[in-house]
Structure formats: C-alpha cells, structure tokens
Amino acid sequence: MRPRYAWAAPVVHRSGRWTVTGTGRRRLLDDLVRIANARRIDLRTGEAGEPEDLWLSGDRIARSPGSESDPVLDAGGRFMLPGLWDAHVHMTQWALASRRLDVSTVASVPELLGVLAGHLAARDAPPDEPVVAVGVRAATWSPAPTGSELDALAPTTPVVILGHDLHGAWVNRAAEVRWGLDAEDGRVLEETAFRLQSLLSQVDDAELDRWVRDTARRATQRGLVGIVDLERDDNASVWRRRVSRGFRELRVRASVWPERLDETIAAGVRDGDPLDEHGLVRQGPLKVITDGSISAATAWCRSPYGPTPGHGVSWLGADDLADLLSRASRAGLECAVHAIGDAAIAQAVAAFADSGARGSVEHAELATSEHAEELGRLGLVASVQPQHLDDDRATCELFWPGRTVLPLATMRDAGVRLALGSDAPVVPLNPWAAIRGAVLRGSTTAWQPEESLSVLDALRASTSGVWRLVPGALADLILVDENPCEVEVDRLDRFEASATLVGGRLVHTRL
C-alpha cells in the first residue's frame, strides 16, 4: 500500500554542495538542513500528522524553522519516526558470520554432514585452512553430531560448527589440536566455546573493519540508527579504530567485560561518555554472563532438566556478581547481566538490589511474574530478543510443558522498560523482525499469545526511549513508506527504510 501523498521530486540541492546522480541516489548529505513533506508518527499514540517540514541544526532537530532555500530532502508524504536500535548485538561475530558457511536451515546430522562434505569438496583452499559453519540448531536432534563423525569427514582439516546461540560448538580432532581444546566427543560448551570464538575472530583488523562497515550499511537500510555492542573484546579501542577509519553509519554503545573493568574504571570513563571525537561511540554497560542458554541446556534453573537432568551452568556466585555490579556502579557504569534460567534471573535481580546498580537483565526468557515485579520495582530494563522464541520453543515444550517463556506482556504490565534486540548473529540483525516477533510470538503459529505486545509497544521498545521527534532531540530518524502501526503485522519483518539519518546525516536513502 502506497502513502496517500504522491512522491515528490526526491531532492532539491544547492549547486556544488552535494551530489545527486541520474537515478536520484546520492552520497552522504552532511549539510542536509530540511526534511520536507514528512508525516511525523507519535509513538505515544501511533498516529501520524499531516505533511510538514522539519529543520535540522547540526546533529539535532532545530528549535525554529530555517530558510525555505535550505538544502532539502523531500519525503513526499512518507512517514517519519525515531530511528531504531538493537539493544543486544555481537557486531564482530555478526560480521564474521556473513563470511562463514551458513548451516542454519539443516535439520539433521546426515543433512549437516552432507552440506559439509559438499563444501569441503568444492572449496579451493589448503587442507589445513579451517572450515567454520554457523547457525546450526541441533538442540532437539537425536542423535546430535559427534566428533568422530566430523573426523571421518575431515581428518586433517579443522572443522568447527558453531551453535546458533554461541554457547556451544562441535569440533573435529584437527580443530581440538589446532586450538588446544578439550572436547567431549567433539562437543564444547560455554567458556570453552567462547574462547574458541575469540580464537576464530583473529582476522586482519582492516579487513574485519570493512566487513563490519558493510554489515552496518545493510542495517541502516532497515532503519537501524544504533546498537548496544556486547562483543567480548576491547570494544572501546576497537570502535575508536573503526571510527578513525571512517565508520559513521551507526551509533554504538560499547560494552566492557569483567576482564577489562579495572582499566575502564582507571580511565575514569562513565556510562554514556563519548569514546570518539564525533560522539558516535559511547561507553556502554558492564556485560556479565551468569548462565548458559536454553538450546544448549545450560541455562541455570531451579529445577533439574535436560537430556541428562541437571540445573544448567552457573558462571559465577552471588557474592562475585554483586561485587562486580557494585564496582561498576560506583564507577558510573550501568550493567547488562545475561540471565536466562529462573535461578540466574533471581540471582541477577538480587545482585542489582544489593548493589544499587542500574542497567538491564539480558534475555530473561524464564522470568516469572515475581521476577517481573522486582524488575519493575528496581527500575531495571529487560533486554529481550523475541525471535529466540522460535529457536527455543521445542526445547521449552520438551522440558517445561505449559511454562510461560519470555513473558513480555507481564513485564510490560509490571512497569518494566523493554528493549528489543536480535543477539546477532543468533538471528539476523533486523529490528523489524524483532518487532514482528514481539507481536506475533512465532514465525508460524503464535506461542503463548497472551504475552504478545502491541505493535506500538514493540516500536517503543525499539527506539532507545525516544517516542517523539521534538525540537532539540537528536536527529536520529527514519522515513518509511507506510505507518507500521497500520499494516498487517506479518509484513513488518520485510519493512525497509526509505531514508535513515544518524545525527542529521543521511546514511541511507532509496528515494
């Protein structure tokens, strides 16, 4: 469905200041001053106003109109709303995943081995160059892949199959030797799996930065203006380097992990402080992992579960977690605590309460209504990834039939601020897919629909707290062809932005 207002000539320009090609596409417009004929959507109501002009001043929405002769982007009656954020991304891993063998659609061990055999036969590479496959969803496979099967397939070539949730992997003997791994019939989990991912991430910086920038450009086409990067790395240094090499596509909140907390505290950097001269990259939260994942059967739970029943994996004790959060809080940092199982969530909430820290519980899939009340009372954010419902549904129905999983509506009603994300590369970096997932709770049939959000709720959980484009606000905004509050929800994951602006700079347009 096209907007009711006809498309206008896409751009008027002042000679010599920026370029328009014969197709109407252009380079970044650093001097864009006015957006004409845009219908602002108010995320308090979901309603759009009549077409109007919006002036920009630097990186913000101007407080007063400028001149009609100012350089202009004509929206042609399209809809304008705050730019979208992804609250949980592993940016390096997502960029690397796009260069690796995608096995996310295989459904059995024989199919997986067939895909690997075909790839090994077709590739033109030295025998000792590793094969890294990503995205396998083997949580409910019986039997699961084994190291001996991978050894028979590739006796000398290191083979690594990364689970889609990154909390586990399968490797052959050549990979074990190559990276000094201790695998149990080819299976590695949790800390060993994360260490393996770090070893696999050792790519030339310049090449990796190009891949990240390409990935970011694709994300801006979806209307993304910012990410919280929870990569396990020296994120402050990495992102300073990327900006120095021309990265301007997105805003980034760069996390710090416990092993680098001391140096961050010593540097006197507080949450939200700029880490680059442009202010695009800012200090983000302390990231702490407290348990595993549902698909790997390592989420830390109160009751035993799993193929060989256990309680999952607890990464650290209650005192250690509270101490980390206290140190970060005293230094002016927020905290992002990974907690999926109910025992892990309870521990995280208690640590926030004891330490007085601010921040988020990441994932919160097995949160109870009591947890929701505590999250709301403490003013904590639930940073959630609705598309995980597709991946974890079969496992949850097997181990916890009838149990509520990812109680979005319950948390909303308890006053918890929700922040949507992807956990890319667990699922692709597409904020509209997260919005759709929060509303429909499933790519095929809705699962526990009583916990669905409205489209408006989901949008408000995707804009980093910005509900209206008002004078003085950062000019992080997007134009879309249709009002997302008025379309069929099933189409939302296919939404793209007509234009995306970050700090008043046009980083993407198809006008």
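Me: In this predicted model, which strands does helix H5 (residues 190–200) lie across, and at about what angle does H5 run to E13?

Reply: Helix H5 lies across E10, E11, strand E12 (168–171) and E13, and its direction is at about 95° to that of E13.

Me: What makes E9 and E13 edge strands of the sheet?

Reply: The sheet is an open one of five strands, ordered E9-E10-E11-E12-E13 with mixed pairing. Strand E9 (101–102) and strand E13 (187–189) each have a single partner strand, so one side of each is left without a neighbour in the sheet.

Me: How do you know that E9 pairs with E10?

Reply: Pairing requires at least two bridges between the strands, and two bridges join E9 to strand E10 (residues 131–136), the two running parallel. Within E10, Val 134 is the bridge partner of Asp 102.

Me: Which helix lies across E9, E10 and strand E11 (159–163)?

Reply: That is helix H2 (residues 109–122), which runs at about 150° to E10.

Me: Why are the buried residues of H12 said to line one face of the helix?

Reply: Being buried means having under 20% relative accessible area, and His 388, Leu 389, Asp 391, Asp 392, Thr 395 and Cys 396 are buried in H12. Seen down the axis of H12, the buried residues fall within an arc of 150°, so they line one face. Strand E18 (359–363) is included in what covers them.

Notes: Residues numbered from 1 in each chain as written. Predicted model: local features only at pLDDT ≥ 70, side-chain atom pairs only at ≥ 80, totals over all residues. Heavy atoms only, no water. Buried < 20%, exposed > 50% of the residue type's maximum accessible area, 1.4 Å probe, protein only. Helix = DSSP H or I, 4+ residues; strand = E, 2+ residues; numbered from the N terminus. Arc of directions from axis to C-beta. Contact = heavy atoms within 4.5 Å. Axes fitted to C-alpha atoms, helices over the stretch in contact; angles between N-to-C directions.
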